[in-house]
Amino acid sequence: MDPDSRWILKEMVNQTTERRLLFADSGGWQTQNRAQWQRVQALLLRHADGSAVLESIRSLDEAQQRFVVHWIDVVARSDSELARVFASRAARALTLMDSIGVEHWLIQAMDAYDKRGLGRGVAVLEELDSFAADYAERHRQVRLDQQLAVLQPIVIGLGGRSLTVTTDESASNGAYTDSESIFLPATQRHFTDQALNRQLLLAQAVFLWAQNYYGTWQQSPLEQLAVLPRPQESQAIYAMLERFRVEARLARDLPGLHRYLQELQQQGGETPLSPAWQQARARLDRDDALADDSIALVETLRGEALPEAAPYQGTIHPERVRQVLEKRLVRERQQLQKSLSELEQTVLGRPQGQPQADDKKNNPGQAPGDRFSVSETPARAEAGRQQPQLEYRGRKVGTPAQVQGLLTSIQQDLGEVPEDYLAGGGNDTPYDADAEEARDREYTSGEPLHYAEGALSYPEWDYNRQRYRQDYCILREQPLKPGDPAFIHETLQKYRGPLKSIRRSFEAVLGEDRLLRRQPDGDDIDIDALIEAQADRVRGEEMDDRVYSRHRRVDRDIAVMLMVDMSGSTRGWVNDAERESLVLLCEALETLGDRYAIYGFSGRTHTRCAIYPIKRFDENYSQTVRERISGIKPQTYTRMGVAIRHLGGLLGQVPARTKLLVTLSDGKPEDYGSYRGRYGIEDTRRALIEARRSGIHAFCITIDQAGGDYLPHMYGPANYAVIDQVSQLPLKVADIYRRLTT
Amino acid sequence: MNAAVSDALKIEEYRIQDEPYYEPLGDEVAVFEAAWRNQLPVLLKGPTGCGKTRFMEYMSWRLDRPMITVSCHDDLTASDLVGRYLVKGGETVWVDGPLTRAVRAGSLCYLDEIVEARKDTTVVIHPLCDDRRLLPIDKLGEVVPAPPEFSLTVSYNPGYQSVLKDMKQSTRQRFVALEFGYPPAELEARVVMKESGVDQAVADRLVQIGHMTRNLKDNGLDEGASTRLLVNAGKLMRTSVPEASACHSAIAEALTDDPDMLAAIRELIASVY
Ligand SMILES: Nc1ncnc2c1ncn2[C@@H]1O[C@H](COP(=O)(O)OP(=O)(O)O)[C@@H](O)[C@H]1O
Ligand SMILES: [Mg+2]
């Protein structure tokens, strides 16, 4: 089936749905659709089993009858035999699947028919049972990637250390956490019901959040757990005890959540606890129960049958937690000390290593640790508000979000923020030389580093270290060779039609709801202006003629920076699509007279990142600019973070009320070597956060279907779009404008 | 501004009779009072709905000065603030704008969300923030000196785009800045109780939900729920809207239109009930 007829078929599916609704409660539908009904009857009765098939259709309820007859009629237009086979199985199909499933089944059959003839089409229809079984299976499971957009904010909203919801291989054997991420199975198919499976994914995520939040993975119990005899048994008992303790906390703090977990558990049916377990559970129900208490109870339960696991309970990997925790403790301690001394210098206005005069007098040699303290947090902090409060010389101080995050995380690991953590910086022990860095060097070995003049340096975010690598990226602006001017002309010819509607939709979108006052002419009289002008006139002054109001775009005061991916991965049609859509977009933007700039980016490794100016803000859309657009060619790799930092900086200098950074890319932010995968994604995300902080709205438009899953992570769920047609780019930009200006 | 305003109640003479309920967060009351006595303009920084307006009402009562509030928007012109000529019975009459009236009457003038105003509008406040404290009125050819009781306060939300970058450094440095944040949990619960009339347990849960949404700032939300939203939800509950749906309407829907985000917040709300 070619794309067009597939589309038509989809349309038909939609129409059927509508029709079903339309006729839902008007009786005697056969009379209304008499022609159709008669056609179908005639068709079926031509065959020996016709009346039996008709009977089976009449036994369906009215909506189903209409559905089946409609489809028989549709299929018969292609092939009457195929339609008969469908008719003979339709009633049964509807007992096996919902109507959407039946439609899928039928579409698959018609697809096979179109491509490979009647025999294949009929064969698909005859494989009804296996199709239905497959359909049931597919519609039972829930994919994690489709739930992430909801699960991730839930976990962050609940508070505490920001945990990343993700998946890995071992998660399919049981969800778990390493205290920085929550690993869930990529697909959840525990229950036969899809809704329950969705509920289960959510339950797993929040349960593992609760383990972290309520201290299952604090350093102290973790260390004790490591030295208990018979590790496997101990861990299993500990996991169960902690489940009971965490659930008791949930019952108090988040009763709704607790009920939710219980509902799921009851799906499995509960078996009563043994007396020893009952006792342990009662102990852990107490308000002040800690993970240490669970550790103490482990010995009392050896040899007892383990209570049945709850479906959301997952598994535990204490060893993985320990590894992550150890690194984190060192890292966060250093970060906190550094941040506190910065805070003291900048915000609290005290130069480093130079105590204030009064300080010297009163407290000679006082260490920062004596100056900073953390106010006592309630022993039992409620979910969502466990926030250690920083104090400076006994007074609460405004705490930057980053410091607050560190304090929260440290408290979550240690149960408190130890005093020596608050003792000031100066302790700038360098991190271990990094393997990635070494690898990067390898790639560039033999070639001199390009630190020469004209080069700019930018930091890069290293998510492994959770800090910036300062001055790590070396970037230079490089001229772009002009391309063939005929390309512009050809593009404009090719998209003559769409261009008209693009211009129109730009004007329409942007003209919306804006009232221009004090205009020399317009659709309406501006009463205020008229009165003033009249007043001037009465006083014998010159009357101002700007007394009209007009519905038009106003000083939107927008500046747009377009950042075009010129990496090697865009080679081929993506590059053509980029160039063509830029031409169309420029045409559209020109009619508006808004400020815009276009830059390409690419580069090989962090030492040679390149930016190619195509149109600077102060340049006109000249012939040179057009030729540069035509000259956009795939270069080397993608290092997106540094490009965002550089171009965001340029955009930041433009005095506009609304600043827009639009990335046009194939959606693959990876460079050579270490910038691949998560590292590149996190740096890009960080660069976007920086941009957003300086008042820039960032959007990404990709010409690639695969980009979907991490784009929301980088740009935020609402700030990216995928296009597959050149003429969609200007329309998307118009969309973004609309969102920003209304 | 239209002609009707000139006949309206003289706001510069109106004084707040009853003490407005205001729960101080720190020493802002003392600082504001000191700034007022020293004739220094004040800048209130903080997210929307965290009590800046209420604070001004309270200070107006406390200092026993009338207050004129102007909510700035992007159509606000300099004439809207300073005043303009109107025609009345064939004659032209000058009508003072709110800022001029505040200066003449020596009242407190509060320009809410100054960021929103057009840049050419904010220029008129510059000479007032100067230590000469003058309001020039070009159309009248007049310069109005501000009496000692007059005080100018502006507010802005640093979470959004910052004007302070656009405002000249010399202007900015004449403001005494007060930072407003969300109150600590206990205090905020008290505000919610007093303002909406719900009981402690209900207010605690509302504050808990508020905190959850604030955790989501920059993680899908531009801004977490303000105290105002919590109060609104409380008010709905007092008029017998069930707690969860009150939260959904007054908090979740007010924060975002994104369906995934709404679903997430719905679950967060459900988690506390
Ligand atoms: N400290 C406070 N004391 C009393 N009420 C407060 C306080 N903070 C916030 N509120 C409540 O929140 C609402 C919104 O505060 P408002 O002053 O209008 O916010 P802003 O001016 O900062 O946008 C008030 O109407 C009041 O109900
Ligand atoms: Mg690429």
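What percentage of contacts in chain A between residues at least 6 apart in sequence join residues at least 24 apart? The share is 72%, where a contact means heavy atoms within 4.5 Å. This is a predicted model, in which local features need pLDDT of at least 70, side-chain atom pairs count only at pLDDT 80 or more, and totals for chains, interfaces and linings use all residues. Residues are numbered from 1 along each chain as its sequence is written, chains are lettered from A and ligands numbered from 1 in the order in which they are written, and side-chain values use heavy atoms, with hydrogens and water left out.

**View 1. Chain A as a whole.** Chain A has 31 helices and 19 strands. Helices (H or I, at least four residues) and strands (E, at least two) are DSSP runs, numbered from the N terminus. Of the 742 residues in chain A, 50% are buried. Buried means under 20% relative accessible area, with a 1.4 Å probe and protein chains only. Chain A exposes about 34,200 Å², and carbon and sulfur atoms supply 49% of that area. Accessible areas come from the Shrake-Rupley method with a 1.4 Å probe; for residues, only the protein chains shown count as cover.

View 2. A:Asn575 lies in helix H26 (residues 573-592) of chain A. Buried or exposed? A:Asn575 counts as buried because its relative accessibility is 6%. Its side chain reaches the backbone oxygen of A:Ile632 at 3.2 Å. Not counting residues up to four places away in sequence, A:Asn575 touches A:Thr570, A:Ile632, A:Lys633 and A:Pro634.

**View 3. The shell around ligand 1.** Ligand 1 is surrounded by 15 residues, each with a heavy atom within 4 Å of it. The closest are B:Glu23, B:Gly49, B:Thr53, B:Arg54 and B:Glu195. Helix H3 (52-63), helix H9 (185-196) and helix H11 (227-238) of chain B each supply at least two shell residues. Domain 1 (3-179) and domain 2 (185-272) of chain B each give at least three. These domain bounds come from an automatic or database domain assignment.

**View 4. Atoms that meet ligand 1.** A nitrogen atom of ligand 1 lies 2.8 Å from a backbone N or O atom of B:Glu23. An oxygen atom of ligand 1 is 2.6 Å from a polar backbone atom of B:Gly49. An oxygen atom of the ligand is also 2.6 Å from a side-chain N or O atom of B:Glu195. On its own, ligand 1 has 570 Å² of accessible area, and the protein covers 91% of it.

Conventions. Polar contact = N/O pair within 3.5 Å; in protein donor to acceptor, adjacent residues only side chain to side chain.
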